[in-house]
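Hi,

Here is the structure for your files. Please open it first; my notes follow below.

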Amino acid sequence: MEALYAFCVGILTTCGVFLVLRSRTFPVVVGLTLLSYAVNLFLFSSGRLAINSAAVIGANPTYSDPLPQALVLTAIVIGFAMTAFVVILAMRGRGDLGNDHVDGRIPEYSSLSDKEKP
Amino acid sequence: MSHLAILPFLLPIISGLLLMLPPLQNSIQRQRIFSVASGVVLVIASAWLLAVTAEQGTQLYALGNWQAPYGIVLVVDPLASLLLLLTSILCLAVLMYACAGEDQTGMYYHTLILLLVAGVNGAFMTGDLFNLFVCFEILLIASYALLIHGGGKQKTQASLHYVILNLVGSSIFLFALGMLYATLGTLNIADMARRLHQLPSDDLILVQAAGMMLLIVFGLKSAMLPLHFWLARTYSSASAPVAAMFAIMTKVGIYSIFRVHTVIFGEHAGELANMAQSWLWPIALLTLALGSIGALASANLRLLTANMVIVSVGTLLIGAALGRADASAAAFYYLLHTTLVSAAMFLIADLVARQRGKAGDRFVAARCMRQRDLLGGLYFIAAIAMVGMPPLSGFIGKALLLQAAQTFAEMVWIWPVLLIASLFGIIALSRAGTTLFWRVSGQCNGEGDKAASIQILAIVLLLACSPLLTLFAGPITDYARQAADVLHDPALSVDALLPSLSLGAE
């Protein structure tokens, strides 16, 4: 289970980092979302992975650490708010700057299609 | 238990929320009076807290009376109390300046400033690494909204970069937190420092990686060398009061480096002792060098000020790199000075830009300013303080830092870089001043708007702190020294903060 879990976090992080490095705002936003998923899973695993052990004393012979769950909950809320903000900002940028490049202008030597070049 | 310690965090949140409620929300006049009044109350509360801390030592506030390390604690040690007062004074000046009309460019201006202050104060006070993250997010989301306040192409472009960079920074912060919790089993800063000694050697590398990731995050916030590219554009495109308020935000990063990499990974950390110092050395010197080159290359006053902020970050990082109590004390004194003066310079740049018509604050000949003598005088004082010439406080701060370099190698590296950077600063600022105030086309016939008296008052409030820092340099450096001693002494910065654990051990 640990290996699968670690693999998932790794894949999510890799995709997130790759997308964050793209030049359009939409992939960047998606990349940030993937990164925050990876972070949430990673935080969750910091209390060690265990099956059949709720964070309640007495319900099971073993119980899991409740703190990472609280941390993940906080991180999810904050991450969600930030994603909402960055989506709105990206749309605003598209409106204000006339394109969705993160720099606000399409560079001259760009792989983007000719139609979109200024 | 006294509830004074939580006031600097609660006051701005509550007054910020009250500003959004009906009796205040629909009248800008009432909003202004209320927010400036809450700024004054905040200054009084912080000064009181400083007095209490100076008298009784570190104040510990356990939220919900859950004792550390199981509950969340606020720790007001001398360093935190000093920085809280600094933030409050800056907040008051910024709120006053904004009352002259800047707050009408969009909604909830005062609320956002107060929430930003709550985040900054929380970050200075928290004794818990996860709460440091939460406070970072509070101050960041307020700063995102403030940066884009008023709108405009430039602001959108700058804030897009700023927001994305900081979101990536937050992810890295959380990764580091997860690693630290998984290996150390705690998030309390003092408890982390204690448990670092009981760590199995297999986990050392994980903790080290987490510590370096934290350094990256704090470096991003404080704009140290490879992570500083966002700063100049962000600060120069923000509106003046916001840029002035942002002057404290780089210092939050510096403060976190001091807190985490001294208390947890400081000289008492066993195998991981002083692990950040070897990286901080070149970074500090290069930040300083690049900032001063940027200052020379700046084309307008706001950009120049932003580059001077980078120079000050480099100077403060030198204090962190030296890693001794006297160097930290010098850095804390310099931090107080540089925050207030760079904030004042951002405000002056705004007034200059308003009175020069089309030319703005660019370094070109333009029409005569309406209040040239007044603004010139303020600029002159701010520039002297900023580059660190006597008799103002920048000189004392830099002299203390130069003095803190003790071995020959330290002197060889620090003295030339710091002094040449100061020289570059003098050249850049005097060139800027001569162009802005003396290269005038046409007659001085008093066109343009006059600055509102409350704006001038706000700038004078900030600038007056510089001579005060000089006059009371004795007590302030003593207190900074005390703050540094607390930070560097594990008996005071670790054991004293975990009363329940030391009781159990007895």
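Two residues count as in contact if their C-beta atoms, placed from the backbone, lie within 7 Å. By that rule, B:Ala325, B:Ser328, B:Ala329, B:Phe332 and B:Tyr333 in α14(B) meet a set of residues in α19(B), including B:Ile476, B:Thr477, B:Ala480, B:Arg481 and B:His488.

This is a predicted model, so local features need pLDDT of at least 70 and side-chain atom pairs count only at pLDDT 80 or more, while totals for chains, interfaces and linings use all residues. Residues are numbered from 1 along each chain as its sequence is written, and chains are lettered from A, ligands numbered from 1, in the order in which they are written.

**α14 and α19, chain B**

Helices (H or I, at least four residues) and strands (E, at least two) are DSSP runs, numbered from the N terminus. Helix α14 of chain B spans residues 325–355, and helix α19 of chain B spans 473–488. Their axes come within 8 Å and cross at roughly 130°. Axes here are lines fitted to C-alpha atoms, for helices over the stretch in contact, with angles from 0 to 180 degrees between N-to-C directions. α14(B) and α19(B) are therefore oblique to each other (under 35 degrees is roughly parallel, over 145 roughly antiparallel, 65 to 115 roughly perpendicular, the rest oblique). The crossing is right-handed (near helix turned clockwise from the far one by less than a right angle; anticlockwise is left-handed). The contact of α14(B) with α19(B) has 9 nonpolar, 3 polar and 2 charged residues. Nonpolar means Ala, Val, Leu, Ile, Met, Phe, Trp, Tyr, Cys and Pro; charged means Asp, Glu, Lys and Arg; the others, Gly among them, are polar.

**α7 and α10, chain B**

Helix α7 (153–184) and helix α10 (229–237) of chain B have axes that come within 9 Å and cross at roughly 135°. That makes α7(B) oblique to α10(B). This crossing is left-handed. Among the residues that meet are B:His161 and B:Tyr162 in α7(B), and B:Trp230 and B:Arg233 in α10(B). The contact divides into 4 nonpolar, 4 polar and 2 charged residues.

**Chain B against chain A**

The contact takes 20 residues from chain B and 25 from chain A. On the chain B side, α6 (129–147) and α7 each give two or more residues. The largest share, 15 residues, comes from α7(B). By class, that side has 13 nonpolar, 5 polar and 2 charged residues.

**Confidence, chain A**

pLDDT is the predictor's confidence in each residue, from 0 to 100. Chain A averages 86, and 92% of the residues score at least 70.

Best wishes
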